[in-house]
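Here's a quick tour of a protein model for anyone just getting started with structures.

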Amino acid sequence: MHAETRCARCGPVPPLHVPEHIGAEIVASVVERIVADADPPRQPAAPLWCPWPLPPGWTMTGVAYAGDDRTGVRATAVACAGPAPLGGGPADLVFIAEEPGVGLGTRFAGMAGPDPGPQLAAALTDPGPGHPEHVGQARIRVGGHPTPLWLVHSPADRSAYAGEARGMWLHAIAWPASAGHLLAEDVVLHDLTEWTPPELVYGAPSPYLHGKA
């Protein structure tokens, strides 16, 4: 018998909590849960990264966190949806912040293992532009700071980027794969635990947070 949630490949993992609906009240309740688990300055609240301002035509479509009463919140996720940057229909983005070893970001990215560390280590030795093995970067602003994200291996139906912000892994996963081009634009991530914009627009619940990924 095991008290924790278990993954067939990774073993014990924190349980994932995904509200069925999305709206201002849902976001406020998740923020309250995250902040209640914090113990500053030893353990600040896990960030809840959301693009703000949202790209034109985009909406927030979901929020989630991983953890329990014993371990606290160890990972958070925000989903957004809108028009694909290169046309051709809708696109979805999920941003995940997590402690090392949780594995939520790699699960959505379709990667093996709990962390993107091995792939990022290879990316940091990238031979540079023009080389056939060059790995591109996405540069966004996270909490007011320029932050690089590296492209990591993922199934063909999505593109996945990983990096680090505030001492936690930061993942950005886009569906379809071409939607990753949005990260080449002027994307700014804001921590909703610090302030939730009342102008946030909400859309239909993300199918990816609810099991499609």
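Which residue in β7 does Ala79 stand opposite? Ala79 faces Val94 there. Keep in mind that what you're looking at is a predicted model.

- Strands of a sheet pair up through backbone hydrogen bonds, and they can do so in a parallel or an antiparallel way.
- Here, ten strands make an open sheet with mixed pairing, and their order is β3-β5-β6-β7-β11-β10-β9-β8-β12-β4.
- At the edges you'll find β3 (16-17) and β4 (49-51), each of which pairs on one side only.

**Strand β10 and its neighbours**

- Six of the seven residues in β10 (residues 159-165) are buried, so the rest of the structure largely encloses this strand.
- On one side, β10 pairs with β9 (residues 145-152) in the antiparallel sense, using three bridges.
- If you want to spot that pairing, look for Leu151, whose bridge partner in β10 is Tyr161.
- Six residues sit between β9 and β10, and the two strands form a hairpin.
- β10 also runs antiparallel to β11, and seven bridges join these two.
- In that pairing, Ala160 is opposite Ile173 of β11.
- β10 and β11 form a hairpin too, with two residues between the strands, and Arg166 takes a positive phi near 55 degrees in it.

**Rings and a charge**

- A pair of aromatic rings is described with two values: the distance of the centres and the angle of the planes.
- The count for this model is one aromatic pair.
- It's made by Trp175 and Tyr208: their ring centres are 4.0 Å apart and their planes are at 15 degrees, so the pair counts as stacked.
- Trp175 belongs to strand β11 (residues 168-175) and Tyr208 to helix α4 (residues 208-212), so the pair ties together parts that are 33 residues apart in sequence.
- Are these two buried or exposed? Both Trp175 and Tyr208 are buried.
- Elsewhere, Arg107 lies over the face of the Phe108 ring, at 5.0 Å from its centre.

- The structure has one cavity of 30 Å³ or more, and the largest cavity holds about 30 Å³ of space.
- Residues lining the largest cavity include Val18, His21, Thr61, Pro205 and Leu209.
- β5 (59-68) and α4 each give at least two residues to this lining, and β5 has the largest share, with three.
- Sorted by type, the lining of the largest cavity has six nonpolar residues, four polar and one charged.

- Among the residues lining the second largest pocket are Ile34, Asp37, Gln43, Val73, Glu99 and Met168.
- Arg166, the residue with the positive phi in the β10 and β11 hairpin, is one of the lining residues of this pocket as well.
- Which kinds of residue make up the lining of the second largest pocket? Eight are nonpolar, one is polar and three are charged.

How values were computed
Residues are numbered from 1 along each chain as its sequence is written. This is a predicted model: local features need pLDDT of at least 70, side-chain atom pairs count only at pLDDT 80 or more; totals for chains, interfaces and linings use all residues. Side-chain values use heavy atoms; hydrogens and water are left out. Rings of Phe, Tyr and Trp (its six-membered ring) pair if their centres lie within 6.5 Å; planes under 30 degrees apart count as stacked, over 60 as edge-to-face and the rest as tilted. Helices (H or I, at least four residues) and strands (E, at least two) are DSSP runs, numbered from the N terminus. Buried means under 20% relative accessible area, exposed over 50%, partly exposed in between (1.4 Å probe, protein chains only). A charge sits over a ring if NZ of Lys or CZ of Arg is within 6 Å of the ring centre and within 35 degrees of the ring normal. On a 1 Å grid over the protein atoms alone, a cavity is a set of points where a 1.4 Å probe fits but cannot get out, and a pocket is an open set with protein on both sides within 12 Å along at least five of seven lines; lining residues have an atom within 4 Å of a point. Ala, Val, Leu, Ile, Met, Phe, Trp, Tyr, Cys and Pro count as nonpolar, Asp, Glu, Lys and Arg as charged, and the others, Gly among them, as polar. Two strands pair if DSSP finds at least two bridges between them. Grid points are joined across faces, edges and corners, and a volume is the space filled by probe spheres set on the points.
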